[in-house]
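Open the model in your viewer and keep the selection panel at hand. This tour goes from stop to stop.

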Amino acid sequence: MTTTATPPPVPLPTYYTLGAGAVAGIIELACLYPLDVVKTRLQLQRQARSDAPRGIARMLVSIVRQEGLATLYRGIAPLLLLEAPKRALKFGANDAWGKAMRPVVRHQRLRAVVTGCLAGATESLMVVPFELVKVRLQDRAQRSLYRGPMDVVRHIVRQDGYVGLYRGLPATMIRHVMWNGGYFGSIPAIQARLPRATSKSERLRNSLVSGTLGGFIGTVLNTPLDVVKTRIQNASTYSGGTLVQLGRILRQEGAGALYKGFWPKVVRLAPGGGLMLLVVDAITSYVRVWLGPPYYT
């Protein structure tokens, strides 16, 4: 007597992954955004200040004492508008590119890296104007120049035209290619080394662990381009492209400057990557059960 093996579940339509990514992004942003303010402040420092507070916690306390609690969420408005479609695009594009690359790239882990990079490039096209506004609002030196997000947009358009809203596009695209490639590319390899999940809670645990480690790897890879992107977008006038700015930082400040803001960035994006993957996994798992076969077996 022969037994027929149960076929694997059918992949969910991409729009379900889009929705799960949107929810995950909003949750991650609401929990961890103040660390992005600290990261941006550190990246904009040309020289180390002797009076600057050291450590993430001390810098957060210093900002609250000197500028008020609301400063920790200054610049979040454009990102709230962006976060749901951005994270939806991140996970949705990764899912769509993964399906498109399946017949082209046979090796699963290589395909994960390739699709992650393509998803990052896709995501960056949406991100640039919002990142530009966020950086200008987070910079303490420019705090008095703008009344809010739309005032930043008006200043940029008046000075550089609508094309000015895409300043830093090459650096932003490389930044997202590196992070998404490192994040999505490492997750299958990490999960293969974790204990095999035999229950829903263990599977969610593996998602949290692999997403956190993937977020750490992505952050290590993309921080130098994030510093370059921040400097380019914060400059009042155009001061050279990605390679010019990269060379200038290396000459004037040394290689260590390319990792300014790394710790608040990684403290946000490592657990943030785990949180996002856990939420996406939890939502898509629920959707599979709700849809039933052939999406759930």
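Start with one term: buried means under 20% relative accessible area, exposed means over 50%, and partly exposed lies in between (1.4 Å probe, protein chains only). This is a predicted model, where local features need pLDDT of at least 70, side-chain atom pairs count only at pLDDT 80 or more, and totals for chains, interfaces and linings use all residues. Residues are numbered from 1 along each chain as its sequence is written, and side-chain values use heavy atoms, with hydrogens and water left out.

**Stop 1: the aromatic rings**

Rings of Phe, Tyr and Trp (its six-membered ring) pair if their centres lie within 6.5 Å; planes under 30 degrees apart are stacked, over 60 edge-to-face, and the rest tilted. How many aromatic pairs does a search of the whole structure find? The search finds eight.

Select Trp 179 and Tyr 183. Their rings are stacked, at 4.6 Å centre to centre with 25° between the planes. Both residues sit in helix H6 (residues 169-193), four residues apart, or about one turn of the helix. Helices here are DSSP runs (H or I, at least four residues), as are strands (E, at least two), numbered from the N terminus. Buried or exposed? Trp 179 and Tyr 183 are both buried.

Now go to Phe 216 and Phe 262. This pair is edge-to-face: 6.4 Å centre to centre, 75° between the planes. Phe 216 belongs to helix H7 (residues 200-234) and Phe 262 to helix H9 (residues 262-291), so the pair ties together parts 46 residues apart in sequence. Phe 262 has 12% relative accessibility, so it counts as buried. Phe 216 is partly exposed, at 39%.

**Stop 2: the nonpolar patch**

Select Ile 174, Met 178, Phe 216, Ile 217 and Leu 221. They make a nonpolar surface patch of about 380 Å². Patch residues have over 30% relative accessible area and no salt bridge; like charges are joined within 9 Å, nonpolar side chains (Val, Leu, Ile, Met, Phe, Trp, Tyr) within 5 Å. H6 and H7 are the elements that give two or more residues. H7 gives the most, with three. Met 178 is in helix H6, and counts as partly exposed at 31% relative accessibility.

**Stop 3: the cysteines**

Select Cys 31, which is exposed at 52% relative accessible area. Cys 117 is partly exposed, at 24%. How many disulfides (cysteine sulfur atoms within 2.5 Å) does the structure hold? It holds zero.

Note on methods. A disulfide is a pair of cysteine sulfur atoms within 2.5 Å. Accessible areas come from the Shrake-Rupley method with a 1.4 Å probe; for residues, only the protein chains shown count as cover. A salt bridge is a side-chain nitrogen of Lys or Arg within 4 Å of a carboxyl oxygen of Asp or Glu.
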